Amino acid sequence: MRTDRAILALALALALGAAGCATGPKRLYAWNGYDEALYAQAKAPQDNEKYLEHLKQVIENAETARDKVPPGIYAEYGYALFTNGQLDDAVTYYSKERDTWPESRVLMEKLIRNTQRLRESRPPSPRDGPPAPLPATNPAPAPAGAAPPAQGGRP
């Protein structure tokens, strides 16, 4: 009877051990081919649109599967948008990186601040609408007997 229990316990332990190994360890993050996309981007930097699309897919796949977006991916996508001139979207993804990964807070806040400063200092784009008209200025009349101002030539 004692050997029957020992054999049963051993069989149960083996079955549980085999079942645990069959599923394998769960990965912490869903990288979804990020390393291959980064390598392709390094080899052909002119394919920026393809790289942007792949980063967007990595983020969307992780978010829809309720997995954690890998560290640095929001920031990487934000920087890719920044280099593409999409400053508002870049700030959005820098903020997501800061909120998801608290250890990146200092760097992300600096990137957010610098991107906002750049956005405020650059001239408006044609998408922003026509510029406001300048106020009309009437030059003061020249005093009587004064010579007219020179027109770009030598005096």
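Select Lys-68 and Trp-101 to begin: Lys-68 lies over the face of Trp-101, 4.5 Å from the ring centre. A charge sits over a ring here when NZ of Lys or CZ of Arg is within 6 Å of the ring centre and within 35 degrees of the ring normal. Before moving on, note that this is a predicted model, where local features need pLDDT of at least 70 and side-chain atom pairs count only at pLDDT 80 or more, while totals for chains, interfaces and linings use all residues. Residues are numbered from 1 along each chain as its sequence is written, and side-chain values use heavy atoms, with hydrogens and water left out.

Rings of Phe, Tyr and Trp (its six-membered ring) pair if their centres lie within 6.5 Å; planes under 30 degrees apart count as stacked, over 60 as edge-to-face and the rest as tilted.

How many aromatic pairs does a search of the whole structure find? It finds six. For one of them, select Tyr-74 and Tyr-93, a tilted pair at 6.1 Å centre to centre with 35 degrees between the planes. This pair links distant parts of the chain, with Tyr-74 in helix α4 (residues 73–83) and Tyr-93 in helix α5, 19 residues apart. Helices (H or I, at least four residues) and strands (E, at least two) are DSSP runs, numbered from the N terminus. Are these two tyrosines, Tyr-74 and Tyr-93, buried or exposed? Tyr-74 is buried at 6% relative accessible area, and Tyr-93 also counts as buried, at 18%. The cut-offs are under 20% for buried, over 50% for exposed and partly exposed in between (1.4 Å probe, protein chains only).

Next, pick Tyr-79 and Phe-82, whose ring centres are 6.1 Å apart with planes at 20 degrees, so the pair is stacked. They are three residues apart in helix α4, which separates them by about one helical turn. Tyr-79 is partly exposed at 46%, and Phe-82 is partly exposed at 26%.

Return to Tyr-93 and show its surroundings. Not counting residues up to four places away in sequence, Tyr-93 touches Ile-59, Tyr-74, Ala-75, Tyr-77, Gly-78 and Leu-81; contact means heavy atoms within 4.5 Å. Tyr-93 is also among the residues with the most contacts inside the largest nonpolar core, which has 22 residues. Others in that group include Leu-55, Ile-59 and Val-69. Such a core is a set of buried Ala, Val, Leu, Ile, Met, Phe, Trp, Tyr and Cys residues joined through side-chain atoms within 4.5 Å.

Ser-104 sits in the loop between α5 (87–100) and α6 (105–121), and is buried at 13%. Beyond its neighbours within four places in sequence, Ser-104 contacts Glu-97 and Arg-98. Gln-41, in helix α2, is buried at 16%. Leaving out residues up to four places away in sequence, Gln-41 touches Asp-47, Asn-48 and Tyr-51.

Finally, zoom out to the whole chain and colour by secondary structure: there are six helices and zero strands. Of the 155 residues, 22% are buried.
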